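Visitor: I would like to learn how to read a structure like this one. Could you take me through a few of its features?

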Amino acid sequence: MDFFVDTANVDEIRELNQLGVVDGVTTNPSLILKSGRDIIDVTKEICALVDGHVSAEVAATKFDTMIAEGRKLSEIAPNIAVKLPLTWDGLKACHTLSQEGKTVNVTLCFSANQALLAAKVGATYISPFIGRLDDINLDGMDLIADIRTIYDNYGYKTKVLAASIRSVNHVFDSALIGADVITAPPSVIKQLAHHPLTDKGLDQFLSDWSQTGQTIL
């Protein structure tokens with residue numbers, strides 16, 4: 001499974017990338033706003049940091065403008081993935097940009113039927129939103145499982161990118177089901193290393209070590 005970091009904060013990306021756990025980055029208009037940076041400048045900096053795909057989202061809602069914005073974003077760096085919303089115009093733009101050889105991430109997916117259409121029109125990634133489905137009392141993991149089954153049934157190459165990750169359980173369940181990628185905030189990725197029994201065991205080891213009176217260095 002690939003790990004994408006869902007942020008436009010360059011310092012957070014750099015820290016995780018140095019650890020070797022960053023396979024790509026996803027951004028969106030909300031994250032760009034939070035960064036306080038110009039979308040072109042910050043995206044260019046992120047693309048220079050990581051080797052994998054960096055999703056940059058169009059702001060347009062109409063086909064012609066989506067195409068224009070998508071082409072401009074794709075010029076930032078070779079590892080740009082143009083992010084498009086799962087609307088009819090977004091699907092049309094996905095088909096056009098994919099035919100041009102551009103990497104496309106279709107986002108805001110909330111049903112398996114939507115994911116099926118995205119695969120048909122050539123999406124590189126489909127981004128089902130787990131957390132937002134959970135928010136309305138639906139199980140977001142059911143959607144990941146349905147998409148995985150459908151794509152495997154027909155050999156679609158579109159990668160399942162589990163998005164709107166809110167917890168370490170979302171990461172675990174996505175991996176168990178077979179999502180190709182998860183994208184999560186840095187805080188969630190760091191939480192994957194935490195376990196109370198690890199902390200308890202370490203405290204015991206350190207306590208016992210201090211009683212030996214020894215040093216290693």
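Guide: Gladly; let's start with Thr107, which lies in strand E5 (residues 103–109). Helices (H or I, at least four residues) and strands (E, at least two) are DSSP runs, numbered from the N terminus. Before going on, note that this is a predicted model: local features need pLDDT of at least 70, side-chain atom pairs count only at pLDDT 80 or more, and totals for chains, interfaces and linings use all residues. Residues are numbered from 1 along each chain as its sequence is written, and side-chain values use heavy atoms, with hydrogens and water left out.

Visitor: Is Thr107 buried or exposed?

Guide: Buried means under 20% relative accessible area, exposed over 50%, and partly exposed in between (1.4 Å probe, protein chains only). Thr107 has a relative accessible area of 1%, so Thr107 is buried.

Visitor: Which residues is Thr107 in contact with?

Guide: Contact means heavy atoms within 4.5 Å. Leaving aside neighbours within four places in sequence, Thr107 is in contact with Glu57, Lys83, Leu84, Pro85, Leu86, Ser127 and Phe129.

Visitor: And what does the protein chain look like overall?

Guide: The protein chain has 11 helices and eight strands. Its C-alpha trace spans about 70 × 40 × 30 Å along the principal axes. Of the 217 residues, 43% are buried.

Visitor: How do I read the packing of two helices?

Guide: Two packed helices are described by the angle between their axes and the distance between the axes. Here the axes are lines fitted to C-alpha atoms, for helices over the stretch in contact, and angles run from 0 to 180 degrees between N-to-C directions. Helix H1 (residues 10–19) and helix H3 (residues 39–49) pack at about 5°, with axes 10 Å apart. Angles under 35 degrees count as roughly parallel, over 145 as roughly antiparallel, 65 to 115 as roughly perpendicular and the rest as oblique. H1 and H3 are therefore roughly parallel to each other. On the H1 side the contact is made by Val10, Ile13, Arg14 and Asn17, and on the H3 side by Val42, Glu45, Ile46 and Leu49.

Visitor: What about charged pairs?

Guide: Side chains of opposite charge can pair when their charged atoms come close. A salt bridge is a side-chain nitrogen of Lys or Arg within 4 Å of a carboxyl oxygen of Asp or Glu. By this rule the count comes to nine. One of them joins Arg14 to Asp11, with the closest N and O atoms 3.1 Å apart. Both residues lie in helix H1, three residues apart, about one turn of the helix. Arg14 is partly exposed at 30% relative accessibility, while Asp11 is exposed at 57%.

Visitor: Which residue forms a salt bridge with Asp152?

Guide: The partner of Asp152 is Arg148, and the closest N and O atoms are 3.1 Å apart. Both sit in helix H8 (residues 140–154), four residues apart, about one turn of the helix. Asp152 counts as exposed at 52% relative accessibility, whereas Arg148 counts as buried at 12%. Elsewhere, salt bridges that share partners join Asp11, Arg14, Arg37 and Glu45 into one network.
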